[in-house]
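Here is a short briefing on one protein model. Start with the structure below, then read the points by topic.

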Amino acid sequence: MINKLALKIAKKFIKHQNLQFDKVEIYQYGFFVLLSNLLFSIITIVIGIALDILLESVVFYFSFLIIRQFAGGYHATTETKCEIISVLSIFVCLVFVRFLKSYDFRTPLLFLTIVAAVLTAVLCPLDTPEKPLSEKEFRYFRKISWIILFVITVTIVISYFFRFNVLFAPCCMSLILESILIIAGKIKQITNIKKMKSK
């Protein structure tokens with residue numbers, strides 16, 4: 001759905017701006033990313049309002065989006081699967097954030113998040129067969145991912161000690177979700193390599 005809409009917008013954009021039509025895939029991808037981020041940000045806000053954690057939902061989505069952009073992770077085989085998995089992941093994470101407002105599991109969550117941050121740091125960045133990273137790109141994305149991880153982790157530790165719960169739980173869940181996706185992506189990558197070798 002989003003991909004088809006992105007293609008229509010890209011074609012109209014190219015026609016209106018008198019650009020080269022052979023660049024349509026580049027513009028389509030750009031609009032796809034823009035529309036996806038817009039859609040999932042709206043979904044996150046709606047769920048946040050429903051759970052009475054609007055500010056926390058914004059913090060969660062922003063911190064997850066920025067680390068996901070550079071660290072990478074699991075990609076579904078179809079757009080429909082991607083949308084379903086994304087919505088469910090956002091919902092589950094925000095339910096946990098809401099749950100943590102009523103029950104104090106801050107210390108176990110902190111340790112789990114540190115493990116998640118370490119795993120993400122070790123495995124990032126995760127590319128795909130469709131868009132493999134060159135050695136230079138790999139080093140660049142790893143460096144940026146580590147910087148982002150460091151900033152988010154420091155934010156989590158500070159918010160833990162000063163009890164800034166509006167930052168603590170959402171940032172924790174963003175790193176935990178990213179670690180799950182990057183592990184799933186790595187498993188998928190290894191499985192695909194084994195399948196190719198066995199042929």
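**Helix α5 and its setting**

Helix α5 covers residues 106–123, and its 18 residues should span 26 Å at 1.5 Å a residue; the end C-alpha atoms are 25 Å apart, which agrees. The expected span is 1.5 Å times one less than the number of residues in the helix. Helices are DSSP runs of H or I with at least four residues, strands are runs of E with at least two, and both are numbered from the N terminus.

This is a predicted model, in which local features need pLDDT of at least 70 and side-chain atom pairs count only at pLDDT 80 or more, while totals for chains, interfaces and linings use all residues. Residues are numbered from 1 along each chain as its sequence is written, and side-chain values use heavy atoms, with hydrogens and water left out.

**Overall make-up**

- The protein has seven helices and zero strands.
- From the N terminus, the order of elements is α-α-α-α-α-α-α.
- Of the 199 residues, 36% count as buried. Buried means under 20% relative accessible area, exposed means over 50%, and partly exposed lies in between (1.4 Å probe, protein chains only).
- Among contacts in the protein with a separation of 6 or more, 72% come from residues 24 or more positions apart. Contact means heavy atoms within 4.5 Å.

- The buried residues of α5 are R106, L109, L110, T113, A116, A117, T120 and A121.
- Seen down the axis of α5, these buried residues fall within an arc of 130°, so they line one face of the helix. The arc is taken from the directions that run from the helix axis to the C-beta atoms.
- P108, F111 and V122 are exposed on the other side of α5.

**Packing of α5 against α6**

- Two packed helices are described by the angle between their axes and the distance between the axes.
- The axes of α5 and α6 come within 10 Å and cross at roughly 170°. Axes are lines fitted to C-alpha atoms, for helices over the stretch in contact, and angles run from 0 to 180 degrees between N-to-C directions.
- α5 and α6 are therefore roughly antiparallel to each other. Angles over 145 degrees count as roughly antiparallel, under 35 as roughly parallel, 65 to 115 as roughly perpendicular, and the rest as oblique.
- The α5 side of the contact includes R106, L110, T113 and A117, and the α6 side includes R142, W146, L149 and I156.

**The nonpolar core**

- The largest nonpolar core has 38 residues. Such a core is a set of buried Ala, Val, Leu, Ile, Met, Phe, Trp, Tyr and Cys residues joined through side-chain atoms within 4.5 Å.
- The residues with the most contacts inside this core are F60, L109, I152, I156, F168 and M173.
- Elements giving two or more residues to this core are α2 (24–50), α3 (54–71), α4 (79–102), α5, α6 (135–161) and α7 (165–198).
- α7 gives the most to this core, with 10 residues.
- I152 touches S63, I67, C171 and L175, leaving out residues up to four places away in sequence.

- E56 lies in helix α3. E56 has 10% relative accessibility and counts as buried.
- Beyond residues up to four places away in sequence, E56 touches V97, K101, V166 and P170.
- Q189 sits in helix α7. Its relative accessibility is 19%, so Q189 counts as buried.
- Apart from neighbours within four places in sequence, Q189 is in contact with L126 and D127.
- A184 is also found in helix α7. A184 is partly exposed, with a relative accessible area of 29%.
- A184 and H75 are 109 residues apart in sequence, yet 9.0 Å apart in space, C-alpha to C-alpha.

**Backbone features in the loops**

- P125 lies in the loop between α5 and α6. A cis peptide bond joins C124 and P125, with omega of about -10°.
- D52 is in the loop between α2 and α3. D52 has a positive phi of about 65° although it is not a glycine. D52 is exposed, with a relative accessible area of 58%.
- R163 lies in the loop between α6 and α7. R163 has a positive phi of about 55°, and it is not a glycine. At 52% relative accessibility, R163 counts as exposed.
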